Structures are given as C-alpha cells and as structure tokens.
Amino acid sequence: MGGRRVEGKVALISGTASGQGRVACLTFAREGATVFGADVNEEGGRETVELARAEGLDADFMVGDLSDEATVEAWIARAVRRCGGIDVLYNNASSPIVTLVEETTMEEWDASIRNELTNVFLPTKHALPRIRPGGIVINIASVAGIRGAGTVMPGNAPGGWAHGAMKAAVRAMTRCWAIEFAPRGVRCVSISPGVIETAANAPLRQDPVLGPRAEELTLVGRFGKSEEVVSLALWLCTEEAGFVNGVDITVDGGWTAMGTGFPSLAKLVTPGNPATSIQALR
C-alpha cells in the first residue's frame with residue numbers, strides 16, 4: 001500500500017463527496033491515515049467511504065454544513081472521541097457563487113462568505129486545540145485569489161469576482177494563522193490550484209471556439225489532475241516538509257506565470273455554453 005507516508009495520523013478533510021476531496025480522502029487513507037470526511041452531499045460522501053472501506057481503509061464520514069458551528073463541533077468531537085487528537089486539518093470544501101457585481105444579492109454575498117471562508121474558519125477554530133504538535137492546517141485556495149477569475153476557470157470573463165476575493169482571503173488567513181499557530185508547533189499552508197480536470201470544467205472542451213485551445217491555458221499544455229493537488233497536500237504532512245510554513249503554493253501548470261493565456265476569455269467563449277454562462281451557474 002504505497003509508502004504509508006502518514007501512517008497513524010488522524011486527518012480531517014472537508015468536501016469529500018467528490019473531486020479533490022474524494023481523491024484526498026482515498027489517498028490519505030491509502031497512506032495510513034485515519035480519515036474523517038464531511039460534506040453537505042450525503043450520497044457522495046458515503047460513496048467515498050464505501051470506496052475506501054472496499055480497500056480495507058480507515059475512513060469515516062459525517063454529513064453536514066461546515067459553516068454551521070454546531071455541526072463543526074460535532075465533527076471535531078467525533079474524531080477526538082475515537083482517536084484522541086488530530087494531526088491534519090485539510091480545509092478543502094468550497095462552493096463558489098458566480099454572479100455579476102450589480103446583480104449580486106445580499107443572500108448570494110453572504111453565501112460566498114459562508115461557503116468559502118466560514119467553512120475554513122470554523123473547522124480551524126475548533127480543531128486547533130486538538131491538533132497535536134507537529135500537525136498542520138492545509139487550506140485550499142485558488143489561482144483566482146492571485147489573478148482575475150472568470151466563471152468556471154481563470155480568465156477575463158466576468159462573474160468570478162467574489163470567488164477570487166474569498167480565495168485571496170484564504171491565502172491571507174493562512175499567513176496570519178501560521179504566525180499564530182507556531183507556538184503550538186502547528187504549521188499552516190495553503191495550496192492554490194489552477195485549472196483542474198473536473199466535471200465542472202468538462203463543458204469547456206465542447207465549446208467550438210475555446211475547446212480546441214483549452215490546453216493553452218497552461219504552460220504544461222493540459223489541465224491539472226486532482227491527484228496532483230492532493231499529492232502536494234500529502235507531502236506537506238510529512239517530515240520532509242517540516243520547514244514549509246506560512247506560504248501559498250500554486251499548482252497551476254504555469255498559468256500564473258503566463259497570465260490568462262488569452263486576451264479576453266469573454267470574446268472567445270460561445271454564447272449559451274453552460275460552462276461559461278453566469279446565469280446557468282447561479
């Protein structure tokens with residue numbers, strides 16, 4: 001079973017129902033961790049646990065919204081009751097709101113804060129007293145917090161401004177938390193993925209204009225994979241990464257180095273494509 005790089009560690013991972021969260025849950029469990037997942041998607045979360053247990057791995061799941069404090073406290077307590085402490089808090093869950101500024105309602109703005117900041121703050125607040133010395137908090141940010149963000153993917157198309165603001169805040173919180181947590185022997189690092197191959201990005205490949213040029217968004221010439229983000233997170237939890245603290249690491253195939261790759265994504269997408277339609281994503 002691999003190198004068992006986090007053997008005996010206890011990892012809390014949010015957003016484990018699909019995508020990067022599911023890959024993280026399975027990867028950390030394969031590498032020897034006891035994983036406690038959480039997600040609002042009960043069906044997907046339980047399916048992830050079933051996949052893990054089918055391999056004989058140690059994974060648990062609780063359905064719930066981690067922007068709710070009582071839910072977070074119950075999640076932390078569940079892990080502590082069984083394992084006594086925590087070694088890794090992996091704040092992966094995020095649910096962006098895509099909307100133009102002048103069309104954004106207060107409900108949508110509040111939802112952006114809840115689903116991209118509060119669900120990072122509350123798990124960290126309540127897990128911190130239980131994170132053992134040598135532990136780490138990993139926050140998933142985004143290249144959207146570094147450069148302008150479009151709708152589903154980076155670019156100049158409008159609509160992703162709130163997502164970009166929230167992810168920039170996650171990067172800032174990470175730096176500040178690293179300073180605050182250092183006396184406890186706990187590190188804090190954020191990861192900013194770029195364009196990662198997901199179901200949400202799939203329709204872009206069918207766009208007659210953007211589709212054939214999608215790979216031009218990175219220097220590597222392809223979209224990233226969830227495994228490439230998770231493998232970095234896994235490494236951060238090992239002794240090899242013990243001197244890495246208070247920084248944001250991009251996993252973007254060189255996108256932030258080259259810019260957007262297009263003069264204006266808004267001019268390249270095909271009207272009506274659900275992947276780039278703000279109304280379709282609201």
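I began with Thr27 and, leaving aside its neighbours within four places in sequence, I found it in contact with Val230 and Leu234, where contact means heavy atoms within 4.5 Å. Before going on I noted that this is a predicted model, in which local features need pLDDT of at least 70 and side-chain atom pairs count only at pLDDT 80 or more, while totals for chains, interfaces and linings use all residues. I also noted that residues are numbered from 1 along each chain as its sequence is written, and that side-chain values use heavy atoms, with hydrogens and water left out.

Is Thr27 buried or exposed? I read a relative accessibility of 17%, so Thr27 counts as buried; buried means under 20% relative accessible area, exposed over 50%, and partly exposed in between, with a 1.4 Å probe and protein chains only. Thr27 has its place in helix α1, and I took helices (H or I, at least four residues) and strands (E, at least two) as DSSP runs numbered from the N terminus.

Next I looked at helix α6 (residues 226-236), where Ser226, Val229, Val230, Leu232, Ala233, Leu234 and Leu236 are buried. I asked what the buried residues of α6 pack against, and the list is α1, β4 (86-91), β5 (131-140), β6 (187-193) and β7 (248-251).

In the loop between β6 and α6 I picked out Val220, which is exposed, with a relative accessible area of 52%. The C-alpha atoms of Val220 and Gly253 are separated by 5.2 Å, although the two are 33 residues apart along the chain.

I then returned to α1 (residues 19-30) and its packing with α2 (residues 42-54), for which I have an angle of about 25 degrees and axes 10 Å apart. The axes are lines fitted to C-alpha atoms, for helices over the stretch in contact, and angles run from 0 to 180 degrees between N-to-C directions. The two helices α1 and α2 are therefore roughly parallel to each other, a label for angles under 35 degrees. I recorded that Arg22, Cys25 and Leu26 of α1 make the contact with Gly44, Glu47, Thr48, Leu51 and Ala52 of α2.

Last, I checked the whole protein chain, which has 9 helices and 7 strands, and in which 54% of the 282 residues count as buried. Among its contacts with a separation of 6 or more, 76% are accounted for by residues 24 or more positions apart.

Terms used:
Parallel < 35°, antiparallel > 145°, perpendicular 65-115°, else oblique.
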